[in-house]
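Subject: Structure handover

Hello,

Here is the structure I said I would pass on, with notes on what was found in it. Please open it and keep it in view while you read.

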Amino acid sequence: METVALIDYGSGNLRSAAKALERAAAGCHASFQVLVTSDADAVRKADRVVLPGVGAFADCKRGLSEVPGMLDALEEVVHGKGRPFLGICVGMQLMAERGREYGVTEGLGWIKGEVVKLEPADPTLKIPHMGWNELDIRREHPVLAGLPERAHAYFVHSYRFAVERPEDVIASADYGGPFAAVVGRDNLVGTQFHPEKSQETGLALVANFLTWRV
């Protein structure tokens, strides 16, 4: 049985994310244990890691940093062991080098770029961006396998990940201009949208993540 660590650092939509992971796991042929945890040692031992995130970049980074040993455990399991990692919303944004929400905050620095304010070209579009948008898949990736063209996903955000390297953008969406909807490289993947709220699209993505062999 594989263990999926869903990190509890006080800034995630844990209940919905755990439920989505459990529902997706039930449809897979392998067995998974979904562990909601703030225990760094449990994360070190996990086969897969999910980092959710709701709120401001700085608050989430502070919350993650305040969990004893968690930053070191993430580095060890994600970079040292190369285990599959999924970041959700601000959990995805934390992979950036820095965030510019309420000042400049250092991110995990796993994917080049920074998190900046979402500024639609159409000034009538409201911020935060809340609702369903089409995904424009830029390149094939196992985590998006089987998703239909123009699959819809649910977004809630006021900031976006301005990714430096185009090849790290797996899918984009449009809200008065394109923005990164799915980013990733190597064993890392992250979604700006909420898979746990994205119905069939979200469940398919989570199921693909659970069976992703890096």
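Strand E14 is covered on both of its faces. Leu188 and Gly190 lie on one side, Val189 and Thr191 lie on the other, and all four are buried. Please keep in mind throughout that this is a predicted model.

E14 pairs with two other strands that I want to point out. With E4 it runs parallel, and 4 bridges join the two. In that pairing Phe85 stands opposite Leu188 of E14. With E13 (residues 178-185) the pairing is antiparallel, again over 4 bridges. Here Val182 has Thr191 of E14 as its bridge partner. E13 and E14 also form a hairpin, with 2 residues between the strands. Asp186, in the turn, has a positive phi of about 50 degrees. As background, the strands of a sheet pair through backbone hydrogen bonds, either parallel or antiparallel.

Next, an open sheet. It has 4 strands in the order E6-E5-E7-E11, and its pairing is mixed. Which strands stand at the edges? They are E6 (105-106) and E11 (159-163); each has a single partner strand, so one side of each is left without a neighbour in the sheet. Within this sheet, E5 (residues 98-99) and E7 (residues 113-117) run parallel and are joined by 2 bridges. Gly99 has Val115 in E7 as its bridge partner.

Now the annotated sites. An unreviewed UniProt entry carries the annotation "active site" for Cys89, His194 and Glu196. These residues are spread over 108 residues of sequence, yet they cluster in space, with a largest C-alpha distance of 10.7 Å. From this set, Glu196 is part of the lining of the largest cavity. His194 is in the loop between strand E14 (188-191) and helix H6 (199-211). Is His194 buried or exposed? Its relative accessibility is 5%, so it counts as buried. The unreviewed UniProt entry also has the annotation "domain: Glutamine amidotransferase", which covers residues 6-210. The end C-alpha atoms of that span lie 12 Å apart, and the span is 27% helix and 30% strand.

The largest cavity has a volume of about 40 Å³. Its lining includes Leu21, Val50, Pro195 and Val206. Helix H1 (14-26) and strand E4 (85-88) each supply at least two residues of this lining, and H1 gives the most, with 3 residues.

The largest pocket holds about 190 Å³ of space. How many residues line the largest pocket? There are 17, and those nearest its centre are Gly55, Cys89, Val90, Val156 and His157. Helix H5 (90-93) and E10 are the elements that give two or more residues to the lining of the largest pocket.

The aromatic residues come next. The whole structure has 5 aromatic pairs. In one of them, Trp132 and Tyr154 have ring centres 5.6 Å apart and planes at 65 degrees; the pair is edge-to-face because the angle is over 60 degrees. Trp132 lies in strand E8 (residues 129-134) and Tyr154 in strand E10, so the pair ties together parts that are 22 residues apart in sequence. Trp132 is partly exposed, at 39% relative accessible area.

In another pair, the rings of Phe209 and Trp212 have their centres 6.4 Å apart and their planes at 55 degrees, so this pair is tilted. Phe209 counts as buried at 0% relative accessibility, and Trp212 is buried too, with a relative accessible area of 6%. The charged end of Arg48 sits over the ring of Phe209, 6.0 Å from its centre. Phe155, Phe179 and Phe193 form one aromatic cluster.

One last residue. Glu149 lies in the loop between strand E9 (136-137) and strand E10 (152-157). Glu149 is exposed, with a relative accessible area of 77%. Glu149 and Ser172 are 23 residues apart in sequence, and their C-alpha atoms are 12 Å apart in space.

Regards

Conventions:
Residues numbered from 1 in each chain as written. Predicted model: local features only at pLDDT ≥ 70, side-chain atom pairs only at ≥ 80, totals over all residues. Heavy atoms only, no water. Pairing = 2+ DSSP bridges. Buried < 20%, exposed > 50% of the residue type's maximum accessible area, 1.4 Å probe, protein only. UniProt positions renumbered as here; feature names shortened; annotations may be inferred. Phe/Tyr/Trp six-rings, centres within 6.5 Å; stacked < 30°, edge-to-face > 60°. Lys NZ or Arg CZ within 6 Å of the ring centre and 35° of its normal. 1 Å grid on protein atoms, 1.4 Å probe; cavity = no way out; pocket = protein on both sides within 12 Å on 5 of 7 lines; lining within 4 Å. Points joined across faces, edges and corners; volume = space filled by probe spheres on them.
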